[in-house]
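Please open the model in a viewer and keep the sequence at hand.

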Amino acid sequence: PGAKAAAMPATITPQLATLVKAPPAGAGWVHEVEYDGYRMLCRIEGGDVRIISRNGKEWTEDFPGIAAGAAKLPVESAWIDGEICVVDPLGRSSFQSLQNVLSNAPGALVYFAFDLLYADGIDLRGGTLVDRKRGLQELLEASPGAIQYSDHFDAPGAVFHKDGCKLGLEGKSRRQVPSWAKAGVAQSKVHSPAEIRHWGLPRLI
C-alpha cells in the first residue's frame with residue numbers, strides 16, 4: 001500500500017534526520033546502525049549506475065567498485081539509499097579510515113544499503129519502511145560483498161541505544177515504520193548520539 005507506478009525520477013532528495021537527546025519510546029519505530037561514512041544514493045538505470053551525494057553531487061568515479069557491484073544487481077531501474085564506509089576488524093565504520101582509502105591507502109569500501117526508494121517502475125516512497133527494506137533485502141541477496149544490506153532492529157529504543165553505546169557505535173538512527181519524507185528534514189526520522197538510526201510507521205510530511 002502507498003507504492004505506485006511511476007517514471008524513474010531524475011533526482012531524489014534523501015530523508016534527513018532530526019537530532020534528539022534521547023531515543024523515542026513506544027511502538028512504531030525501528031532502529032538502525034548509523035554509519036560513519038558518506039551518505040550516498042545509488043541510481044541504476046539500464047545497467048548505468050551513478051553514485052550521488054545527498055547534495056546531488058556526482059561521486060561515481062570515486063567509487064568504481066561500488067558502481068560495478070550495483071550494475072550487477074537484478075534490477076533494471078532503482079534508487080537505493082545508503083552509506084559508503086570502511087569498517088575496522090570489529091565491523092565498526094571509521095570516517096578517518098574512509099578518508100585514508102580515498103587518499104589511496106589500502107582498505108575495502110562497503111556500501112551499506114538501508115532503503116529502496118524506487119524499483120522497476122514503482123515509486124516505493126509512499127509505502128511502509130518495512131516493506132521497502134524487505135524488497136531491498138531480497139534485491140541484495142546475491143549482491144557482491146561491496147554492497148551489503150543494513151538490517152534494522154525492533155528492540156525498545158532505550159535498550160538499542162544502550163547496547164549501541166557499549167559497542168562503541170557513533171550514533172543511532174530511528175525511523176517511523178510507515179514513512180518516507182519527500183525532502184528535507186523528516187520528523188519521522190531522528191538521530192541520537194552514539195550511532196544508531198531510529199525510524200517509525202509510514203507518514204508523508
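Begin by selecting V49, which is buried, with a relative accessible area of 9%; here buried means under 20% relative accessible area, exposed over 50% and partly exposed in between, with a 1.4 Å probe and protein chains only. The model is a predicted one, in which local features need pLDDT of at least 70 and side-chain atom pairs count only at pLDDT 80 or more, while totals for chains, interfaces and linings use all residues. Residues are numbered from 1 along each chain as its sequence is written, and side-chain values use heavy atoms, with hydrogens and water left out.

**Around V49**

V49 belongs to strand β5, residues 48-53. Strands (E, at least two residues) and helices (H or I, at least four) are DSSP runs, numbered from the N terminus. Now display the surroundings of V49. Leaving aside residues up to four places away in sequence, V49 is in contact with C42, R43, I44, T60, A67, A70 and A71, where contact means heavy atoms within 4.5 Å. For T60, 11 residues from V49 along the chain, the C-alpha atoms of the two are separated by 7.7 Å.

Between the strands, what does the turn of the hairpin contain? Two residues separate β4 from β5, and G46 in this turn has a positive phi of about 55 degrees.

**Salt bridges**

Side chains of opposite charge can pair when their charged atoms come close. Across the whole structure, a search finds seven salt bridges, each being a side-chain nitrogen of Lys or Arg within 4 Å of a carboxyl oxygen of Asp or Glu. Three of them can be visited here, as follows.

- Select R43 and E45, whose side chains meet at 2.8 Å, N to O. R43 is buried at 10% relative accessibility, whereas E45 is partly exposed at 37%.
- Select R50 and E58, a salt bridge at 2.8 Å, N to O. R50 is partly exposed at 29%, and E58 is partly exposed at 40%.
- Select D123 and R125, where the closest N and O atoms are 2.7 Å apart. D123 is buried at 9%, and R125 is buried at 16%.

**Two positive phi angles**

Next, select N104, in the loop between α2 (95-102) and β7 (110-119). Phi of N104 is near 80 degrees, a positive value in a residue other than glycine. Is N104 buried or exposed? N104 is exposed, with a relative accessible area of 73%.

Then move to D120, in the loop between β7 and β8 (122-123). D120 also has a positive phi, near 45 degrees, and is a residue other than glycine. Its relative accessibility of 43% makes D120 partly exposed.

**Helix α3**

Finally, select helix α3, residues 129-139, in which L129, R132, K133, L136 and L139 are buried. Turn the view to look down the axis of α3: the buried residues fall within an arc of 115 degrees, so they line one face of the helix. The arc is that of the directions from the helix axis to the C-beta atoms. An α-helix has 3.6 residues a turn, so residues three or four places apart point the same way.

Notes
Two strands pair if DSSP finds at least two bridges between them.
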